[in-house]
Amino acid sequence: IWWLDPELTYGNAKPFVFTQGHSVCNRSFFPCFDTPAVKCTYSATVKAPAGIQVLMSATQSTYLEEEGVYQFYMEYPVPAYLVALVAGDLIHADIGPRSRVWAEPCLLPTAISKLSGMVERWLTAAESLYGPYIWGRYDIVFLPPSFPIVAMENPCLTFIISSILESDEFLIIDVIHEVAHSWFGNAVTNATWEEMWLSEGLATYAQRRITTETYGAAFTCLETAFRLDALHRQMKLLGEDNPVSKLQVKLEPGVNPSNLMNLFTYEKGYCFVYYLSQLCGDPRHFDSFLRAYIEKYKFTSVVAQDLLDSFLNYFPELKEQCVESKAGLEFERWLNATGPPLAEPDLSQGSSLTRPVEMLFKLWTTEPLDSVAAASCVDLTKWRTFQTVLFLDRLLDGSPLPHEVIKKLSECYSSQLDSMNAEIRIRWLQIVVRNDYYPDLYKVRRFLENQMSRMYTIPLYEDLCTGTLKSFALEIFYQTQNQLHPNLRKTIQQILSQGLNPLPAIDTTAVTTDTPAMVLEDKVSEATNGAISLRDVNVSA
């Protein structure tokens, strides 16, 4: 349960509270069987002060104004982690026949402009693929920057971090991913957190089928290329033999399942589902199977064998061909082998968007650097966001770059990138930090002074502390820590404390503007695990 003082909201007017149940946190919210294997309906009574709007992930709600009491009821069985509550200075606007958006008053116009009419388009596309949307309403609430992940698929009420509003393409993908969870994850749920890919891999596949229907195959292939790049980057960090790269990962006693949220869950899971779809020959045949799978298992929890048995029974000709035992691509190997996916999708339909990225990257990384003139003619403002972040991510992978290259990159693109969204700017600033490019460091400071969200602060602090700029990081943190949520502040303190002699704890209640208040916590193993996942993927649950 996250309690926020008014200063941690956008409007700075009223306190705010939200819950985040995924994956095993709702046991601290209410007594429950906190496992995805158990589903039930629920009702709730919530009393709140006047002027505070309360919302829950429920199909029905009423409000008794004279008593300040809200009543909620979820009529369909859900696992405990999908029970969610949010309360604060929230107002709404309808954006479709079964959708409305909730946000703080200062954010609502932006949310309306970005999403009006869009959600219904995505829901309709999803229904054409996977059958009726069974939850009634699909509403969205935008949360303050303290929200610890990007998005959460709470039924009837998707939670999304407000910070993503400025990045249109990421907003589209994140909302569509949560829409897909209405079928895969919410209606049919993984029975154990050891098989989280049953939710995330299928939702990612469905998300890409929806984007292909609504935005075309080229855009979908571009987004997929960007994510698979990130998967291979995470593979290098973790090592190919790391057990967390399995789809059926073993959950040791005492380990928080959220620590297993990584790109393998999403992208290796997606690759397996995509492989299954290719066995059918036509993706529309696989869509038909998934409709039948949803109808058979909705409101229940399943294991991988349920999905695979249903698949083979639906396609008896594939069962006769023993596709589950095909050498090198055995279903069992997909589930239990460490390392990268056994097969990856053909992304050639995205070449019109990915080829310019590859060509520009090659111009900047081929020695001698005599092609700057050609490279500088490329106007990144004309590119899609996913093209630009794919290009910048590949430059990040190659950092540190020769000084002459980073200098020319800055001359060509820095002013263009300044006006772009935060997903792009953070990547350029990470390049600046990893290359110790001092002329642009003031932009890093300015960015961190204006960011309060985990996904835009942690990666920069990690890079600052990995290199020679830790004192610069400490200085920025001292100046900005009071605008950060205590949980985020603690995580950054853990990053800053690595390699330092423990500093004395300072009473933060008696801090003056001249005193750097910093309480350095003992390092915990989660800090390292979190660093790897946060650097490489903005997690949408």
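This is a predicted model: local features need pLDDT of at least 70, side-chain atom pairs count only at pLDDT 80 or more; totals for chains, interfaces and linings use all residues.

Analyst: Residues are numbered from 1 along each chain as its sequence is written, and side-chain values use heavy atoms, with hydrogens and water left out.

User: Into which domains is the protein divided?

Analyst: Domain bounds come from an automatic or database domain assignment. Here they give domain 1 (2–182), domain 2 (189–251 + 259–336) and domain 3 (348–497). The centres of domain 2 and domain 3, taken over C-alpha atoms, are 32 Å apart, and their contact (heavy atoms within 4.5 Å) takes 10 residues from domain 2 and 14 residues from domain 3.

User: How much area is buried between domain 2 and domain 3?

Analyst: Buried area is the accessible area (1.4 Å probe) that two parts lose on being put together, summed over both. For domain 2 and domain 3 this is about 1,200 Å², with 70% given by carbon and sulfur atoms. On the domain 2 side, Leu-222, Phe-226 and Arg-233 lose the most area to domain 3, together 48% of what that side buries.

User: How many salt bridges cross the interface of domain 2 and domain 3?

Analyst: A salt bridge is a side-chain nitrogen of Lys or Arg within 4 Å of a carboxyl oxygen of Asp or Glu, and the rule finds 3 across this interface. Arg-233 also forms a salt bridge with Asp-393, at 3.9 Å from N to O.

User: How should I look for empty space in the structure?

Analyst: Rolling a probe the size of a water molecule over the atoms shows where empty space is left. A cavity is a set of points, on a 1 Å grid over the protein atoms alone, where a 1.4 Å probe fits but cannot get out. The structure holds 3 cavities of 30 Å³ or more.

Methods:
On a 1 Å grid over the protein atoms alone, a cavity is a set of points where a 1.4 Å probe fits but cannot get out, and a pocket is an open set with protein on both sides within 12 Å along at least five of seven lines; lining residues have an atom within 4 Å of a point. Grid points are joined across faces, edges and corners, and a volume is the space filled by probe spheres set on the points.
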